[in-house]
Amino acid sequence: MRWLRPLASIALLVILSSCGPPLHERSITIEATEMRFIPDKLEATLGEQVFLTLRNTGKLGHSLTFQFPAGDRTISAQGGMEAIMAFPANVAGSFRFYCSVPGHAGMEGVIVISTP
Ligand SMILES: [Cu+2]
């Protein structure tokens, strides 16, 4: 019955890989223009993988920096361009984001990561 062993291993792998919560994905598009983000409030749920598109519809370059507990995450896009960032929503709470380009201090918002 030596042939049973690999079969049992495969069965175990199938069982293990079907356990655990499914990985949910969330796609968010945020527009940056002079001098604001639209929308300025983003939402995600704990455990999601977030794919964020920064769409710069303005003429100036803009950036978006999230202030997460684990550290800042930044992307930037020139006028008329897009930039994409992915991150896991792995801590619940409200976290500020802002544009770090000098003189763009009014460009800011918040992302709320809620528990499911
Ligand atoms: Cu800006």
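Which residue in strand 6 does His-62 stand opposite? The residue is Ala-77. The model behind this is a predicted one, in which local features need pLDDT of at least 70 and side-chain atom pairs count only at pLDDT 80 or more, while totals for chains, interfaces and linings use all residues. Residues are numbered from 1 along each chain as its sequence is written.

Taken as a whole, the chain comes to 1 helix and 9 strands, with helices (H or I, at least four residues) and strands (E, at least two) being DSSP runs numbered from the N terminus. The order from the N terminus on is α-β-β-β-β-β-β-β-β-β. Of the 116 residues, 16% count as buried; that label takes 20 or more other C-beta atoms within 10 Å of a residue's own, with the C-beta atoms placed from the backbone. As for contacts (C-beta atoms, placed from the backbone, within 7 Å), residues 24 or more positions apart make up 58% of those with a separation of 6 or more.

An open sheet is formed by 5 strands in the order 3-9-8-5-6, and its pairing is mixed; strands pair if DSSP finds at least two bridges between them. Strand 3 (41-45) and strand 6 sit at the edges, each pairing on one side only. Neighbouring strands here are turned by 20 degrees against each other on average, direction ignored, using axes that are lines fitted to C-alpha atoms.

The largest nonpolar core has 17 residues, and Ala-32, Ala-44, Leu-54, Leu-64, Phe-97, Cys-99 and Ile-111 touch the most other members. Such a core is a set of buried Ala, Val, Leu, Ile, Met, Phe, Trp, Tyr and Cys residues joined through C-beta atoms within 7 Å. At least two core residues come from each of strand 3, strand 4 (49-56), strand 5, strand 8 (93-98) and strand 9 (108-114). Strand 4 gives the most, with 3 residues. Leaving out residues up to four places away in sequence, Ala-32 touches Phe-37, Leu-54, Asn-56, Gly-58, His-62, Leu-64 and Cys-99.

How values were computed
Buried ≥ 20, exposed ≤ 12 C-beta atoms within 10 Å, placed from the backbone. Contact = placed C-beta atoms within 7 Å. Axes fitted to C-alpha atoms, helices over the stretch in contact; angles between N-to-C directions.
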